[in-house]
Amino acid sequence: MAGNIDLCIRVSEDKSEQEHGHICIQDEEFDYSQRGQWLRAAVLGATDGLVSVASLMMGVGAVKEDVRAMILTGFAGLVAGACSMAIGEFVSVSSQRDIEVAQMKRDKKISGNEEESEKEALPNPIQAAAASALAFMLGAIMPLLAAAFIMDHKVRLGVVVATVSLGLVVFGWIGAVLGGSRVVKSCFRILVGGWMAMAITFGLTKWIGSTGL
């Protein structure tokens, strides 16, 4: 009888340990998802660089067959976009940091002992700005490299579209994995969006160029 009681106690303790271990696993998964948000933001930045620079290049390619003009336009878009991403992210994260610091000061007046632990969790504006700029440049460099060594105008446009399509599928897949969404739906959505951006830019620029403006 006593042995049965001991056995029940051990089983109960094991269950509590299992539940405790399960809670620890959930905490670790939560930390991973927090890190995944940064990775997902980097994927979005790379996608932005890929689509925006490729669209610029397609727009110039609609009215000019010169490879030099297309590459220079793409490079200007890369630099301008990376700077814009970095500045925007720096301002945004700095504002968020100021809000969190102000909240910490208000909390300190009440508790007075949480400042050191919360300082470690404050966002870093410089790190966020650098990550956004690098991500944008990573995406933007793909259509530039694809078009740099192709002299034939029509082939160059086709290669840019093919390269962008492949890049969008890869970024869509990564974003779906990090976000826990459906891969096919994510890839299709981002691919169609990229095609629309390039087609609209190409078409409008071609139309404006044909009017002689």
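This is a predicted model: local features need pLDDT of at least 70, side-chain atom pairs count only at pLDDT 80 or more; totals for chains, interfaces and linings use all residues.

**Ser55 and the ground rules**

I started with Ser55, which lies in helix α1, residues 2–63. Helices here are DSSP runs of H or I with at least four residues, strands are runs of E with at least two, and both are numbered from the N terminus. Residues are numbered from 1 along each chain as its sequence is written, and side-chain values use heavy atoms, with hydrogens and water left out.

Is Ser55 buried or exposed? I get 6% relative accessibility, so Ser55 counts as buried (under 20% relative accessible area; exposed is over 50%, partly exposed is in between, with a 1.4 Å probe and protein chains only). Leaving out residues up to four places away in sequence, Ser55 touches Ala197, Met198 and Thr201, where contact means heavy atoms within 4.5 Å.

**Whole chain**

Of the 213 residues, 29% count as buried. Taking contacts between residues at least 6 apart in sequence, I find that 76% join residues at least 24 apart.

**UniProt check**

I looked up the UniProt record, an unreviewed entry, and under "transmembrane region" it lists residues 41–63, 69–87, 128–151, 157–178 and 190–209. Its positions are given in the numbering used here, feature names are shortened, and annotations may be inferred rather than shown by experiment. I then checked two of these spans in the model. Residues 128–151 are 88% helix and 0% strand, with end C-alpha atoms 38 Å apart. Residues 190–209 come out as 100% helix and 0% strand, and their end C-alpha atoms lie 28 Å apart.

Two packed helices are described by the angle between their axes and the distance between the axes. My axes are lines fitted to C-alpha atoms, for helices over the stretch in contact, and angles run from 0 to 180 degrees between N-to-C directions.

Helix α2 (residues 67–110) packs on α4 at about 165 degrees, with the axes 7 Å apart. That makes α2 roughly antiparallel to α4 (over 145 degrees; under 35 is roughly parallel, 65 to 115 roughly perpendicular, the rest oblique). By class, their contact has 22 nonpolar, five polar and two charged residues. For the classes, Ala, Val, Leu, Ile, Met, Phe, Trp, Tyr, Cys and Pro are nonpolar, Asp, Glu, Lys and Arg are charged, and the others, Gly among them, are polar.

Next I took α4 (residues 125–148) with α5 (residues 153–179): the axes come within 9 Å and cross at roughly 150 degrees. That pair is roughly antiparallel too. On the α4 side the contact is made by Met142, Pro143, Ala146 and Ala147, and the α5 residues include Arg156, Val159 and Phe171.

**Two leucines**

Leu144 is found in helix α4 and is buried, at 8% relative accessible area. Beyond its neighbours within four places in sequence, Leu144 is in contact with Val53, Met57, Ile71, Gly74, Phe75 and Leu78. Leu144 and Phe75 are 69 residues apart in sequence but 7.4 Å apart in space, C-alpha to C-alpha.

Leu178, in helix α5, counts as partly exposed at 25% relative accessibility. Its C-alpha atom is separated by 9.6 Å from that of Val43, 135 residues apart along the chain.
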